[in-house]
Amino acid sequence: MNRKMIFVIVLALAVAAVLSLVTVSGENSFLKCSKPKVTVGEVIKFKVDFRGISDEEYGKYDLNLSIEPVDGSFSFGVVEDVDVTVNNRKGTCAVSYEALSFYDELNFTLKTDMETEEKTSYTVKANIRGENHEAVETLILTVLPPRQEKPGPDPGGGDDGDDSGKDVYKGSSDNYLADLKLAGYKMEQKFHKTRDTYFVKTGKSVQSLNVSATPCDRKAEVDIIGNDRISGDMSKILINVTAENGKVRVYRIYVLQEGDKGR
């Protein structure tokens, strides 16, 4: 093997070692975005998937979200009820390992609130930093200037039968719960309609839970999933509330089975 070939192999191994420490993925294997192109004032939904992040590989790890450049006003929010550190001036959001360990995925929102007259691009970065390993993923977010309102119909033009310029009522958007209970068990968090994540502890022998969920709007539909499939150390019950206009809100109950103890 000649000297040139040895140099190429050594260089390839060095590059592979660097990529194993910090991964920048264009496919965004753990950072997801609802839509990469938004208008000023819109709320963008982000999801960070931890199912491929193992404790064995990373050890204890923290998550940091950031946006660059910070020449406008951005506010991060967390859909789940977890303890976070948010610095809106620097466009960052940090979540500790203790909070992350309860979740397969975390849902975030990012709201733009700035003045711009031209299309601007920003980089959203998710950095999972562990004791033994680190992974970074980025995506490009394009922010468009506010939409120009279309002129209304000519008041003197008469009614031509076109309702495209009129607001059409599509039903109530109320998808909140008025009450959420577990028969025989008490959730660790006090119920509030804006809190969508709860925890409850049961014994190992529990296989199902009786969940009672009452919507604020009687026209909203409630669908409970997973309450009859309790197994393992932690299970998840989903309560989907669909408003009259079709918008869905999801409440989650995490069931932690810690020994065969009573209620």
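**Strands and the largest pocket of a predicted model**

β16 contributes the most residues to the lining of the largest pocket, namely four. The structure discussed here is a predicted model.

Biologist: Which strands each supply at least two residues of the lining of the largest pocket?

Modeller: The pocket in question has a volume of about 490 Å³. Its lining consists of 18 residues, and those nearest its centre are Lys-45, Val-79, Asn-107, Thr-109 and Val-248. The strands that each supply at least two lining residues are β1 (31-33), β3 (43-49), β8 (105-112) and β16.

Biologist: In which sense do β3 and β8 pair, parallel or antiparallel?

Modeller: Strands of a sheet pair through backbone hydrogen bonds, and the pairing may be parallel or antiparallel. Between β3 and β8 there are seven bridges, and Asp-49 stands opposite Glu-105 in β8. The sense in which β3 and β8 pair is antiparallel.

Biologist: Which residue of β3 is the bridge partner of Cys-33?

Modeller: β1 and β3 run antiparallel and are joined by three bridges. In β3, the bridge partner of Cys-33 is Phe-46.

Biologist: Which residue of β16 is the bridge partner of Val-200?

Modeller: β12 and β16 (residues 248-257) run parallel, and six bridges join them. Within β16, the partner of Val-200 is Val-255.

Biologist: How many disulfides does a search of the whole structure find?

Modeller: A disulfide is a covalent bond between the sulfur atoms of two cysteines. For a pair to be counted, the two sulfur atoms must lie within 2.5 Å. Over the whole structure, the number of disulfides found is zero.

Biologist: Is Cys-93 buried or exposed?

Modeller: The cut-off for a buried residue is a relative accessible area under 20%. Cys-216, with a relative accessible area of 37%, is partly exposed. The relative accessible area of Cys-93 is 1%, so Cys-93 is buried.

Note on methods
Residues numbered from 1 in each chain as written. Predicted model: local features only at pLDDT ≥ 70, side-chain atom pairs only at ≥ 80, totals over all residues. Heavy atoms only, no water. Pairing = 2+ DSSP bridges. Buried < 20%, exposed > 50% of the residue type's maximum accessible area, 1.4 Å probe, protein only. 1 Å grid on protein atoms, 1.4 Å probe; cavity = no way out; pocket = protein on both sides within 12 Å on 5 of 7 lines; lining within 4 Å. Points joined across faces, edges and corners; volume = space filled by probe spheres on them.
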